[in-house]
Amino acid sequence: MFIETVKAPEVPRRPGRPRGTTPQGAKTRRRLFDAAVALMAERGYEAATLRDVAAKAKVSPSLLYRYFPSKQSVVLALYDELSARYADAALAMPAGRWRERFLFALRTSLGVLKPHRATLSKLTPILIGDVDEGLFSAKTAFSRLRVMRTFEHAIVGAKDAPRPEIAAPLGRLLYLLHLAVLLWWLMDRSPWQKATAGLVTLIQETLPSASLVLRFAPVTRLLRTGDALFGAALIGQRTDNPPGAH
């Protein structure tokens, strides 16, 4: 199988990691990060305190605060790490039709996040309910855009890419669908999350029909309007005209 090696556009990295970190400092930071994430997975975001993290890691609170001044900084670091891992894994996206590439992007995301499901489940209220620290906050834009652009690339770079005016909007809306699948997965109580596997299969069976309806003008308008709403609500892009305005 031919594998593309074109790297998706880079998203500027947020500051936060100490610059000029020594190997020993990087090792210490990693140990503290792992301890914080483990404690959040065990107790939940609200119950886990930084003092408890310091005790778990057997360091002084002052040392911990040098690397992670708040619990929010731990969550931001987790977003950054997982999105970077995803972007690296998505570089193996195969050439092919857009729906195959989208499914690859979706399944790759589930695969990258699977080892961290327990932690992310405990963080779900923060992920979706906190406008300042959650998945759609300004502070997490670096992570969000990194992943979203992979979905855009999946559609725009496909062999059967839709017309340019709808290719990127389709990619962004499929990214939104991917987030809905992730939320379903985090809440899935079925054994081994079989219900999530069933949902992905259902989406796969629906995609050929979606390819057909993309040819119709009303669907083009719907995609572009939906993309504008998504950008305004969740990305922070300005829309000068309300939906339906001419």
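## Helix 5 and its cover

Helix 5 is mostly covered in this predicted model: 12 of its 16 residues are buried. The helix runs over residues 98-113. From its first C-alpha to its last it reaches 23 Å, close to the 22 Å expected at 1.5 Å a residue.

The buried positions of helix 5 are Trp98, Arg99, Arg101, Phe102, Leu103, Ala105, Leu106, Thr108, Ser109, Leu110, Val112 and Leu113. The cover over these buried residues includes helix 4 (71-90), helix 6 (117-122) and helix 8 (141-156). Helix 9 and helix 10 also contribute to that cover.

## The largest nonpolar core

The largest nonpolar core holds 62 residues. Within this core, Phe68, Trp98, Phe102 and Ile155 touch the most other members. Helix 9 (residues 164-187) supplies the largest share of the core, 10 residues. In soluble globular proteins, nonpolar side chains tend to be buried together.

## A nonpolar patch on the surface

Nonpolar side chains are found at the surface as well: Leu212, Val213 and Phe216 form a patch there. Together these three residues have about 280 Å² of accessible area.

Val213 is found in helix 10 (residues 194-213). Val213 has a relative accessible area of 36% and is therefore partly exposed, as this value lies between the 20% limit for buried and the 50% limit for exposed residues.

Note on methods: Residues are numbered from 1 along each chain as its sequence is written. This is a predicted model: local features need pLDDT of at least 70, side-chain atom pairs count only at pLDDT 80 or more; totals for chains, interfaces and linings use all residues. Side-chain values use heavy atoms; hydrogens and water are left out. Patches are made of residues with over 30% relative accessible area and no salt bridge: like charges are joined within 9 Å, nonpolar side chains (Val, Leu, Ile, Met, Phe, Trp, Tyr) within 5 Å. Accessible areas come from the Shrake-Rupley method with a 1.4 Å probe; for residues, only the protein chains shown count as cover. A salt bridge is a side-chain nitrogen of Lys or Arg within 4 Å of a carboxyl oxygen of Asp or Glu. Helices (H or I, at least four residues) and strands (E, at least two) are DSSP runs, numbered from the N terminus. Buried means under 20% relative accessible area, exposed over 50%, partly exposed in between (1.4 Å probe, protein chains only). A nonpolar core is a set of buried Ala, Val, Leu, Ile, Met, Phe, Trp, Tyr and Cys residues joined through side-chain atoms within 4.5 Å. The expected span of a helix is 1.5 Å times one less than its number of residues. Contact means heavy atoms within 4.5 Å.
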